[in-house]
Amino acid sequence: MPIELKMPALSPTMEEGTLAKWLVKEGDKVSSGDILAEIETDKATMEFEAVDEGTLAKILVAEGTDGVKVGAPIALIAADGEETSPSPPPGEGESSAAAQGEGARASSTPPLPNPSPAAGEGLETPSDQKTEASPIETEQKQKADTGTAQLTGKPQAEPEVPEGTATVSTTVRDALRDAMAEEMRRDERVFVMGEEVAEYQGAYKVTQNLLQEFGPKRVVDTPITEYGFAGLGTGAAMGGLKPVVEFMTFNFAMQAIDHIINSAAKTNYMSGGQMRCPIVFRGPNGAASRVAAQHSQNYGPWYASVPGLVVIAPYSAADAKGLLKAAIRSEDPVVFLENELLYGQSFDVPQLDDYVLPIGKARVVRPGKDVTVVSYSIGVGVALEAAETLAGQGIDAEVIDLRTLRPLDKATVLQSLSRTNRMVVVEEGWPTCSISSEVIATAMTEGFDDLDAPVLRVTNADVPLPYAANLEKIALIKSADVVTAVKAVCYR
Amino acid sequence: MVRSPKKAAVAAAEPIPNRERPPEPARFEASREQLLQFYREMLLIRRFEERAGQLYGLGLIGGFCHLYIGQEAVAVGLQSAMSVGKDSVITGYRDHGHMLAYGIDPKVIMAELTGRAAGISKGKGGSMHMFSVEHGFYGGHGIVGAQVPLGTGLAFKHKYAEDGGVCLSYMGDGAINQGQVYEAFNMAKLWDLPVIYAVENNKYAMGTAVERSSAEPLLYRRGESFRIPGIQVDGMDVLAVRGAAEVALEWTRSGKGPIVIEFLTYRYRGHSMSDPAKYRTREEVQDVREHRDPIEQIKRDLAAAGVAEEELKAIDNQIKATVVEAAKFAEEAPEPEPTELSTNVLVESY
């Protein structure tokens, strides 16, 4: 049976083309790789190569023909030994490429057993990548099982902090350090890399003393090459390690964002769940103090828009510790956004052996009944300050710390809104396409009936952050602006 | 302190302290069986890719599809020296040939090309994004050059875990101009990571010839300023490729750090299916096909080893049947269930 050659699609968008020129004529022998014709697509003139061997039995579409639809038969090839006299074009019945191929084989060679020379059979059901399979991990796993609140595949409630648990006043900086040290003791796959993390003891001293305890193999100073070391860390995670990659600030991670998004975030999906990337990218984010536009951006909204990433931005030291431990244990890539101005602030941290918090859960940091103020990271402090002022004016504000930006805990926000019916979002960052945009959209689409007033937001000014002290102050969020916004939504 | 110009000039004139270099690779002396295996694998890649091109023309494969036809000897020669289960491999978007050479089932590769649930990435990755962790094959990456730091990270893992493995990180003559490649080179040598950078120089980065894009067109030298030695080999001769792989593996496994190998090769087809390849003449392509084709070359080695024509014909038929079966499988397999849309975004639930 002759093989039907069809008008090929030579670009993803081609629907029809011109058969510009035949380079073979009826009766010619053709073999795989021979150029048969030139075809003009919507974009260019392309060469059309033979895949099958045989003799060109019949040309069905003459050269110069315009508007030949993709898939239309254009010629017939007879296999060796087959009759080469022109035969009527076959009907619509034979449309499958495989059927064509089968036809070619059947007519030219006897069927043979298929030895599948280079193939294993094991891939039909690809097994999940088990990062646990790493040989270095086995003994660590045993040590690990003493943990009190490990993340499993399911959502879990916040761990009970038993009545009477002592707390210790800890800076955010030390809480982050403790989280990394505890996880490094627990799991030998965890290592820290970044600029100045080891011998310098951390540009902001967050990795202080890790080198002394864990040595240079696990606390790795890198050159100032964010793109390269973010990619290297991502590759190590694909290979089964659990890297914690520190960016001196997230402003510099823009150099590395291709690996964070294209390599880390999309891998699990693109591999159909076969290849994981358990990595934490962490460092300070947002405005610091007088460092101007290039060092003062909040990337929360950027990363939170990417499916495949987990994005965490804690405020308190306890949350910083409990969520960084959870981030390191997660099998997903996590962007962990800290804040330089919070590093030195102290908060009470529960004195527990293994304080791990659930990812994706907001916290009501100040209960109230009149209005819901939603924020995250350093904005929570601004919101709390405003709530104190408002309390003196008879308005009882509930303050919610989102803590995780992706996945966003809409339930906690909407539940609060259903009680207060008024909302203000506070964000140390630009307003456009922001976390506040997302929270407001959520309130509108899922909490519309609960709203007694339009949701307002308090954000930084929509400008690159200026250097001058007075201008910087004007550009950043302030509690006074939150007080004004809350009064507006309360019609006071 | 101000140095005297005279002294500096003298210092500059002194030769760079000599560094240890790998020996010049020799052409691999393959047994009859090994020759047959190389032939089988290269032919499988060629026939598979021809069929993929055909399925693309029929609209069964969509999007971008970059064929490996002409470059078969590189993947086959290199992969034959690697240890599956110990070593790791990572490449760019021209990945079908690398996967076939690594022993991954043609059926699940072709089914991924047609976007079916039975594809190696459940139909969610497509031509450029395929992975087999089981085989130590880490993709399949669509961003030019991204696989180089990623592969360096896999090598970091080998060293960290002390598992004796080496990472083979492929790139093309286009990727090697990416800045991230040099960031990776720097760290690879700084930490003496076990990584082989295999540069497949097929002469054209999409449509731009090496000489038009590269100030230093001798790509094997690109590691020199990082003290990474480089060698250049004929990438159209599978035995030369295997010989270079032996040298590179010996170098990296003995803890001497990374190595660059440049393979001079050629792709017969366009950059992707929609490339009319007007940047080169038909005569140039024909000349390579006639004089340097890797499959024709090994046929001569096989003849010298006394392998009869009939034996090769039988292999040809087997390969044809394998590829036809893969195409049939890929066409008949069902598409992914709509519910697969939102699975595998994250591993855990939060």
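Me: In what order do the six strands of the open sheet in chain B stand?
Reply: In this predicted model, local features need pLDDT of at least 70 and side-chain atom pairs count only at pLDDT 80 or more, while totals for chains, interfaces and linings use all residues. Residues are numbered from 1 along each chain as its sequence is written, and chains are lettered from A and ligands numbered from 1 in the order in which they are written. Strands (E, at least two residues) and helices (H or I, at least four) are DSSP runs numbered from the N terminus, and two strands pair if DSSP finds at least two bridges between them. The pairing in this open sheet is parallel, and the order is β2-β1-β3-β4-β8-β7.

Me: Which strands of chain B stand at the edges of the sheet, and why is one side of each left without a neighbour?
Reply: An edge strand here has a single partner strand, so one of its sides has no neighbour in the sheet. The strands in that position in chain B are β2 (137–140) and β7 (230–234).

Me: Which residue of β4(B) is the bridge partner of B:Tyr170?
Reply: Strand β3 (residues 167–172) and strand β4 (residues 195–201) of chain B run parallel and pair over six bridges. The partner of B:Tyr170 in β4(B) is B:Ala198.

Me: Which residue of β3(B) is the bridge partner of B:Ile90?
Reply: Both faces of β1(B) are covered, with B:Ser88 and B:Ile90 buried on one side and B:Val89 and B:Thr91 buried on the other. A residue is buried if 20 or more other C-beta atoms, placed from the backbone, lie within 10 Å of its own, exposed if 12 or fewer do, and partly exposed in between. Two parallel bridges join β1(B) to β2(B), and three join β1(B) to β3(B). In β3(B), the partner of B:Ile90 is B:Ser169.

Me: At about what angle to β3(B) does helix α6 of chain B run?
Reply: Helix α6 (residues 147–161) of chain B lies across β1 (88–91), β2, β3 and β4 of that chain. Relative to β3(B), α6 runs at about 170°.

Me: Which helices of chain B do the buried residues of α5(B) pack against?
Reply: Helix α5 (residues 106–113) of chain B is mostly covered, with eight of its eight residues buried. Among them are B:Val108, B:Ile109 and B:Met110. The buried residues pack against α2 (32–57), α4 (96–101) and α12 (309–332).

Me: Which residues is B:Arg47 in contact with, leaving aside its neighbours within four places in sequence?
Reply: B:Arg47 lies in helix α2 of chain B and counts as buried because it has 22 C-beta neighbours inside 10 Å. Two residues are in contact if their C-beta atoms, placed from the backbone, lie within 7 Å. Beyond those sequence neighbours, the contacts of B:Arg47 are B:Ile319, B:Lys320 and B:Val323.

Me: Which element gives the most to the side of chain A that touches chain B?
Reply: Between the chains, 83 residues of chain A are in contact with 76 residues of chain B. Elements of chain A that each supply at least two residues include β5 (45–49), α1 (97–108) and α5 (226–238). With 10 residues, the element that gives the most is α5(A).

Notes:
Axes are lines fitted to C-alpha atoms, for helices over the stretch in contact, and angles run from 0 to 180 degrees between N-to-C directions.
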